[in-house]
Amino acid sequence: MYHLSTRIRKIREAAGLRQSEVAYRLDISPSAYGQIERNAHKSTIETLFKLARAMNVSLTYLIDLDEEEEAQKNKL
């Protein structure tokens with residue numbers, strides 16, 4: 001199963017952003033951002049919306065786990 005935390009990390013990395021850069025955009029500490037990335041399933045919708053904006057993607061794209069699961073299945 002593909003996890004939201006993995007998707008967030010991959011989107012951040014694809015955008016060429018460090019955790020500290022996203023944390024700055026969210027006006028939180030890098031350690032607080034790291035916790036979001038590790039435990040995204042516990043984040044509020046408001047936090048996910050802010051995160052999507054900080055990484056210049058839509059909320060729908062950020063949380064579209066079905067797309068990622070399908071891509072993983074196709075690799076098998």
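How exposed is Glu21, in relative accessibility? I read 27%, which counts as partly exposed; buried means under 20% relative accessible area, exposed over 50%, and partly exposed in between, with a 1.4 Å probe and protein chains only.

I noted the ground rules. This is a predicted model, where local features need pLDDT of at least 70 and side-chain atom pairs count only at pLDDT 80 or more, while totals for chains, interfaces and linings use all residues. Residues are numbered from 1 along each chain as its sequence is written, and side-chain values use heavy atoms, with hydrogens and water left out.

Salt bridges. I took a salt bridge as a side-chain nitrogen of Lys or Arg within 4 Å of a carboxyl oxygen of Asp or Glu. The count by this rule is four. Arg12 pairs with Glu37, with the closest N and O atoms 2.8 Å apart. Arg12 lies in helix H1 and Glu37 in helix H3, so this pair ties together parts 25 residues apart in sequence; helices here are DSSP runs (H or I, at least four residues), numbered from the N terminus. I found both Arg12 and Glu37 buried. Glu21 forms a salt bridge with Arg18 (4.0 Å, N to O), and Arg18 is exposed at 53% relative accessible area. Glu46 and Lys50 form another, with the closest N and O atoms 3.3 Å apart.

Leu51. I listed what Leu51 touches (heavy atoms within 4.5 Å). Leaving out residues up to four places away in sequence, I got Ile8, Val22, Leu26, Tyr33, Ile36 and Leu62.

Methods: Helix = DSSP H or I, 4+ residues; strand = E, 2+ residues; numbered from the N terminus.
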